[in-house]
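The points are grouped by topic.

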Amino acid sequence: MKTYNLIYACMAMLIVIGCSKTDSDSLGEKEKEEEKNIQSDYTLLVNNNGMLEATLLNLEDNGLALSGKESKFSSVSQPTLSYENDQVLTMYHKKSDCSGEITVYDFKDDTSEAYEVFTDLGACSLTAKAVSRKGNTIYIAYELHVSPSAEDDEFYVRALDVSVATPTYVDITLDKRPLQLAFAHNRLFVLTLDEEVTDEYAISVVDSSSNTEIYDTLVGFDVRRMFTGPDDNIIIGYDDLHSTINSTTFEIKYTNYGSGKEPNFTGSSYLHFDSSGKMYYEMTPTDYSEFPVIPAVYDFEENLTVMYAFENFITETQLKFEYEIEKTTMVSYDEENNVLLIGYKKKTGDDKGGLLRLNPAPKPQVLNNIDVDGIPTTIFIK
């Protein structure tokens, strides 16, 4: 029988909708109000007809324009799995039933490396479930299908060391089905599902030095997402709360939202953190906007969500005829300029989108916009 060491944090959650009077009252002291207007270069990745492509943008004198340069990022099909951290994008593409390729692209110096994986397994069938990276080690969680029955599946995490000319690997055996990966405090956290006994989700912790499992605990039902959060701790998201696992002591703290005050970040395809720990993401606004997906910012320390409902700071004419916004597809933050970067899909055309630069709360205001071919998915800032 497991013993749970839990700390509960039931904090009131304030939801702020952009450009309302309460924005200024509640957030005025927490947000910078002046744009620094520092020249920046953006690499915007877009989904264009199933291909992942790079669009280079320049910011000069507060103007946003397409760059005259060509990106070294080669157009590729949408990856099966991806992981982004510290300006480095790690992608997994399935090549066959039992082979794949990992591509690591560093946007800081515009370099890339590719590595074949699973070719050692011969004729087999496997499903890669999640990918993560720390330094020169790439982690791939996968399930090996050894018979038609799912009950016979075998579960592993492959730790691929790419620091040498010929990469080496270690397969770490798991006793539960792996779903997601996160890395913190030199430890790999694996979200798994205990299908044989409890039907609960669990966390398995692997020491990165020895590649051995050092801890395992059940974390309940209805887990939606796991990721590395502020202070290098692990966040587990549920519908109406999230838990924070201390990556050193494994102590668990629960934060409840309250009915109708959920930040709804578990469904976001892209999460971006600033230096203060605030998280930028796209969210389903429920009753707070007519748009199906809008930009949002969540402050873990304050348990506070700022929701940017487009109709509150963009005129109806702009929404319908200039920007033609259908939904938000990406949210990030240019910290040097104190500007939100909002990628969106247009209503006109399946592969038409745009990027808004927005002055954040307490005075949301569109600074500039640019139309792009493709749907924005991720942005990298230089």
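The model is predicted. Its largest nonpolar core has 33 residues, and another core, of 20 residues, lies apart from it.

**Strand E3 and its partners**

- Strand E3 spans residues 40–48 and is mostly covered, with seven of its nine residues buried.
- Nine bridges link E3 with strand E4 (residues 51–60), and the two strands pair in the antiparallel sense.
- Within this pairing, Asn47 is placed opposite Leu52 of E4.
- The hairpin made by E3 and E4 has two residues between the strands, and Asn49 adopts a positive phi near 55° there.
- E3 is also joined to strand E31 (residues 375–381), through six bridges and again in an antiparallel run.

**The open sheet E11-E12-E13-E14**

- Strands of a sheet pair through backbone hydrogen bonds, in either a parallel or an antiparallel way.
- Here four strands make up an open sheet, ordered E11-E12-E13-E14, with antiparallel pairing.
- Its edges are strand E11 (126–134) and strand E14 (168–174), each of which pairs on one side only.
- From one strand to the next, the twist averages 20°.
- Strand E13 (residues 154–161) runs antiparallel to E14, and seven bridges join the two.
- Leu160 faces Tyr169 of E14 across this pairing.

**Thr90**

- Thr90 is located in strand E8 (residues 88–96).
- Thr90 counts as buried because its relative accessibility is 0%, against a cut-off of under 20%.
- With neighbours within four places in sequence left aside, the contacts of Thr90 are Leu81, Ser82, Tyr83, Ile102, Thr103, Val104, Val131, Arg133 and Ile138.

**Nonpolar cores**

- In soluble globular proteins, nonpolar side chains tend to be buried together.
- In the largest nonpolar core, the residues with the most contacts inside it are Phe265, Phe310, Ile314, Ile325 and Leu356.
- Elements that give two or more residues to this core include helix H2 (316–323), strand E27 (325–334), strand E28 (339–346) and strand E29 (352–359).
- Strands E24 (279–283), E25 (294–299) and E26 (304–307) are also among these elements.
- Ile325 touches Phe291, Phe310, Ile314, Leu319, Tyr344, Lys345, Lys347 and Leu356, when residues up to four places away in sequence are not counted.
- The separate core of 20 residues has Leu81, Val131, Ile138 and Tyr156 among its members.
- Leu81, Val131 and Ile138 are also among the contacts of Thr90.

How values were computed. Residues numbered from 1 in each chain as written. Predicted model: local features only at pLDDT ≥ 70, side-chain atom pairs only at ≥ 80, totals over all residues. Heavy atoms only, no water. Buried < 20%, exposed > 50% of the residue type's maximum accessible area, 1.4 Å probe, protein only. Pairing = 2+ DSSP bridges. Contact = heavy atoms within 4.5 Å. Axes fitted to C-alpha atoms, helices over the stretch in contact; angles between N-to-C directions. Core = buried A, V, L, I, M, F, W, Y, C linked by side-chain atoms within 4.5 Å.
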